[in-house]
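Thank you for making the time this morning.

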Amino acid sequence: MAKPTPVASAEEAAALRRRLRRLVAAVAAGSADAEAFDEAAEALVKLRDAELGPRKDRAAPAAGGVNKGGTEVAAVPEQFLCPISSEIMRDPVVLASGQTYDRCFIQEWLSSGSRTCPQTQQVLSNTILIPNHLVRSMISQWCTDNEITLPPVENQEEDLVTNNERKTFSKIFQRIASSSNLSEQREAIKDLRLLTKCNSSLRAAIGEKPESISQMISTVSNPELENNAEVLEDMVTAILNLSIHESNKKIIGDDPLAIPFLIRALQSGTMEARSNAAAAIFSLSALNSNKAKIGELGAMRPLVDLLEQGSMIAKKDAASAIFNLCMLHENKSRATKSGVIDVTLKAIADDSLVDESLAILALLSGDHETVEEIGETGGVASMLHIIKEDQCKRNKENAAAVLFAVCMYDRTKLREVAEDESLNGSLAWLTQNGTSRARRKATGILDKMKRAVHHTHYSC
């Protein structure tokens, strides 16, 4: 009998073996709880699948399933599945390659010594994991719509700060804030960037000296340093690295200089500095208090500019930051006034960042001012095209949500949609084949059409 062809790389299989050895050792030592037994069984199954291929008698995770009410649910959208585990992501994070993974699985991959992206095989410039709040919120909405409850994300303890990390941070800080040698200061800022990239305990050390943020930014604002593009890029990236530590988000957000500094970098830095500034704002905006400050201080306009003009990675960082910020109602009108409608509709027309642009538009569609502008700038035709042509169910759903909002506000646009529906029947198709939310929105539009026709006949 021929030996089955492995379906995973040697690195993936090695990571699974290491994980299994750790768990089995705990079981053998008698120190394992029920969860460790379950995790060991899961790891063994995954290793078997990685080495020999998935068993044909086991349903694929993406093939749908049964919710807590015992009814069948739609297949899980592919973008909600971790590329490593093929399971719904509970804590999606973005890798340096731009790909999204579930935190526990990509951390396992990186802990095994791998420094490449599992999907693209790209060598990673860093191993920083940034929470993908956009995807997480989309998964949460999908689970709510389908009455699915995901297990809670395990509570991750904050890293303990050792004396060694305290000394290291203190030395770097002294070199940045107190040295009179510009070359020494530049090197210290670069060292801070590099060390905070991979040392989570060092990132935690900032919490014991929160005033150091302002002091370091003040140093960088020295006329002899602020015009140095490399120094600006290093400092922005160091703040991004520091912001990944959960407790630092409030510390950085409360610092009077940090957010204005990031906004300046968004406006005038190199493309990498602008991209990392957007990523830092995205990270900080996980806190509602920071969302308000960032919006009030004027970050929306440069973020929209970056969404329009940046590199692909920078555009994704900007889109994620804009989406997060717009979860706060006050920021929705700021985004609209900053031109986000034109930029996102153009991105959709260019078939660029379609998923992110539609998610932003759907989030903004609860705002009357935004909906009015969408209707006035060709948004109806764009949404109808997505519903007819796009293969992604989530994109169809978001387009239907935007279209529903437009039709509720503007009867002239309702007539435009009705004319298209009589030719193509796209909404009727969506009521039968879309996600639960898409079906609701499509049904709502069709009901509105029927009432409008009835009212017209009655008036005659």
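Let me start with the naming: helices (H or I, at least four residues) and strands (E, at least two) are DSSP runs, numbered from the N terminus. Please keep in mind that this is a predicted model, in which local features need pLDDT of at least 70 and side-chain atom pairs count only at pLDDT 80 or more, while totals for chains, interfaces and linings use all residues. Residues are numbered from 1 along each chain as its sequence is written, and side-chain values use heavy atoms, with hydrogens and water left out.

With that naming, the chain has 25 helices and five strands. Of its 460 residues, 48% are buried, where buried means under 20% relative accessible area, exposed means over 50%, and partly exposed lies in between (1.4 Å probe, protein chains only). If we take contact to mean heavy atoms within 4.5 Å, then among the contacts in the chain with a separation of 6 or more, 65% are between residues 24 or more positions apart.

Now to a loop, the one between α3 (103-111) and β5 (130-131), which is where Cys117 is placed. Is Cys117 buried or exposed? Cys117 is buried, with a relative accessible area of 0%, and, leaving aside residues up to four places away in sequence, Cys117 touches Leu95, Ser97, Gln99, Tyr101, Gln122 and Leu124. The C-alpha atoms of Cys117 and Ala96 are separated by 8.2 Å, although these residues are 21 residues apart along the chain.

Gln121 is also in the loop between α3 and β5, and Gln121 is partly exposed, with a relative accessible area of 46%. Most residues other than glycine have a negative phi. Gln121, however, has a positive phi of about 65 degrees although it is not a glycine.

Leu353 counts as buried at 10% relative accessibility. Ser352 is found in the loop between α18 (340-349) and α19 (354-364) as well, and Ser352 is buried, with a relative accessible area of 17%. Not counting residues up to four places away in sequence, Ser352 touches Met312, Ala347 and Ser357.

Turning to the helices, α12 (residues 258-268) has buried residues at Ala258, Ile259, Phe261, Leu262, Ile263, Ala265 and Leu266. Which helices cover the buried residues of α12? The cover includes α8 (212-220), α10 (229-243), α11 (246-254), α13 (271-284), α14 (288-296) and α15 (300-309).

Finally, consider helix α20 (residues 368-376) and helix α22 (residues 393-409), whose axes come within 9 Å and cross at roughly 95 degrees; axes here are lines fitted to C-alpha atoms, for helices over the stretch in contact, and angles run from 0 to 180 degrees between N-to-C directions. That makes α20 roughly perpendicular to α22, given that angles under 35 degrees count as roughly parallel, over 145 as roughly antiparallel, 65 to 115 as roughly perpendicular and the rest as oblique. On the α20 side, His368, Val371, Ile374 and Gly375 meet Val402, Ala405, Val406 and Tyr409 in α22.
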